[in-house]
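Here's a quick tour of a strand arrangement and a bit of surface. Have a look at the model first, then read on.

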Amino acid sequence: MTTATFQTGKTYRGRFIGDADAVFQVKVMARTAKTSTVFGPEGLAQLRISFDHEGGEQVFPFGKYSMAPVCRAKRLVA
């Protein structure tokens, strides 16, 4: 099984926990082993990469709090 990772230049889709129909997109501008610089709804941000329960990468573009929207690497925009 391969692990989903963020790749530079690719665009990913994220969702809000409270409303699954409310989606947003972030584009990965740069990345290191532990951080990803993305351009999203609130502009450019450098985010720490964490891992979801399946082992794939995820970031929290609006900050990390109880109902924070999440963007996972497995949600690549075609």
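## Ground rules

Strands here are DSSP runs of E with at least two residues, numbered from the N terminus, and two of them count as paired if DSSP finds at least two bridges between them. The model is predicted, so local features need pLDDT of at least 70 and side-chain atom pairs count only at pLDDT 80 or more, while totals for chains, interfaces and linings use all residues. Residues are numbered from 1 along each chain as its sequence is written, and side-chain values use heavy atoms, with hydrogens and water left out.

## The sheet

Seven strands make an open sheet, in the order β4-β3-β2-β1-β7-β6-β5, with antiparallel pairing. At the edges sit β4 (43–48) and β5 (50–51), each pairing on one side only.

## Around β2

Five bridges join β1 (residues 11–15) to β2 (residues 23–31) in the antiparallel sense. Among the partners, arginine 13 bridges to glutamine 25 and glycine 14 to phenylalanine 24.

β2 also pairs with β3 (residues 35–40), again antiparallel, over four bridges. Here alanine 30 stands opposite threonine 37. β2 and β3 form a hairpin, with three residues between them.

## A nonpolar patch

Isoleucine 17 lies in the loop between β1 and β2. Together with Tyr65 and Met67, Ile17 makes a nonpolar surface patch of about 330 Å². Patch members have over 30% relative accessible area and no salt bridge, and nonpolar side chains are joined within 5 Å. Areas come from the Shrake-Rupley method with a 1.4 Å probe, counting only the protein chains shown as cover for residues; a salt bridge puts a Lys or Arg side-chain nitrogen within 4 Å of an Asp or Glu carboxyl oxygen.

Note on methods
Patch = residues over 30% accessible without salt bridge, like charges linked within 9 Å, V, L, I, M, F, W, Y side chains within 5 Å.
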